[in-house]
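Me: I've got a model open and I'd like to learn how to read its nonpolar cores and strand pairing. Can you walk me through it?

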Amino acid sequence: AIEMGRGGRPELVAPPEVYYNDDEAQKYTNNSRIINIQTALTERALELLNLPKDSQPKMILDLGCGSGLSGEVLTEHGHIWMGFDISESMLDVALEREVEGDLCLHDLGHGMPLRPGMFDGAISISAVQWLCNADKTCNEPKRRMKRFFETLYSCLSRGARAVLQIYPETHSQAEMLVTAAMKVGFSGGLVVDFPHSTRAKKHFLVLMVGSNMAIPQAKGLNGEDEEMAEDEESEDDEEEATQIKVMGRERLRRRAMGKKDKNRKGKDWVVRKKEQMRKKGREVANDSKYTARRRKKIL
């Protein structure tokens with residue numbers, strides 16, 4: 001079995017076809033928390049995809065479809081879909097679950113062998129960041145990204161969009177993906193939901209074919225949090241570690257009540273943080289007691 005430390009990134013442990021073995025595929029698909037996150041991310045990707053509201057089913061490409069969790073959301077919305085994934089174990093689980101879409105065992109870094117213009121849109125949930133890793137001596141990330149985006153651009157119809165939800169390890173990794181997409185002809189860019197929240201922040205690469213439409217607006221730009229985001233971390237955390245964190249959180253809070261916090265954020269930190277927010281053009285409350293607590297909004 002492959003071991004991953006608490007909070008680790010699977011991309012740094014092993015290639016995807018190795019990491020997502022039989023055990024990991026079953027654990028991933030049966031984790032109710034991961035199912036909820038995948039469903040929410042897919043719903044958001046469909047929102048950003050902005051498909052025509054004509055009640056006609058669309059042909060959607062699901063890149064890194066895994067065990068079909070995102071595909072099930074596409075089916076619920078009445079769309080026809082085809083899924084690509086490099087993990088045979090994940091696709092076996094999808095077959096066992098009898099998902100509606102067509103499944104293909106394929107490495108996205110080799111490009112998609114599809115007819116030009118046959119898809120009305122494409123989504124990807126937590127998969128495309130794997131292309132940034134040179135996990136084999138034969139894998140050169142820039143070459144693989146170029147091939148992936150070239151064939152993705154080709155198989156989409158004019159005016160279509162691709163929405164790729166990613167977990168970039170660094171800012172430069174996100175920039176590398178955006179640059180590779182723009183070079184092959186896509187317009188668009190990166191949409192970051194809840195950019196001011198460590199837990200809730202989500203990156204969506206929104207790409208358009210033959211369209212100069214504005215990039216959709218991100219959620220949470222004013223600092224508000226999403227309901228499910230309060231307890232949400234990267235879905236790549238191990239289930240056991242997640243349960244320990246969530247179950248113990250309230251108990252630790254109660255234990256800390258009445259005790260002086262040695263790491264409490266003081267006046268200097270609050271003043272510095274407020275100045276940073278003002279420089280970014282954000283609305284900042286007047287100075288008061290410097291407690292670093294979030295102010296309640298008055299409606």
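This is a predicted model: local features need pLDDT of at least 70, side-chain atom pairs count only at pLDDT 80 or more; totals for chains, interfaces and linings use all residues.

Me: Which residues touch the most other members of the largest nonpolar core?

Reply: A core here is a set of buried nonpolar residues joined through side-chain atoms within 4.5 Å. In this model the largest one has 31 residues, and Leu61, Phe148, Phe149, Leu152 and Leu164 touch the most other members. Elements giving two or more residues to this core include helix H6 (141–155), strand E5 (156–166), helix H7 (171–183) and strand E7 (202–208). There's also a second, separate core of 24 residues, with Ala45, Leu48, Trp81 and Phe204 among them.

Me: Why is E7 described as largely enclosed by the rest of the structure?

Reply: Count its buried residues, meaning those under 20% relative accessible area. For E7 that's 7 of the 7, so the strand is largely enclosed. Check the faces too: Lys202, Phe204, Val206 and Met208 are buried on one side, and His203, Leu205 and Leu207 are buried on the other.

Me: Which strands pair with E7?

Reply: Look for bridges. E5 runs antiparallel to E7, joined by 6 bridges, with Ala162 partnering Leu207. Strand E6 (residues 187–193) also pairs with E7 in the antiparallel sense, over 7 bridges; there, Val192 partners His203.

Technical notes
Residues are numbered from 1 along each chain as its sequence is written. Side-chain values use heavy atoms; hydrogens and water are left out. Buried means under 20% relative accessible area, exposed over 50%, partly exposed in between (1.4 Å probe, protein chains only). Helices (H or I, at least four residues) and strands (E, at least two) are DSSP runs, numbered from the N terminus. Two strands pair if DSSP finds at least two bridges between them.
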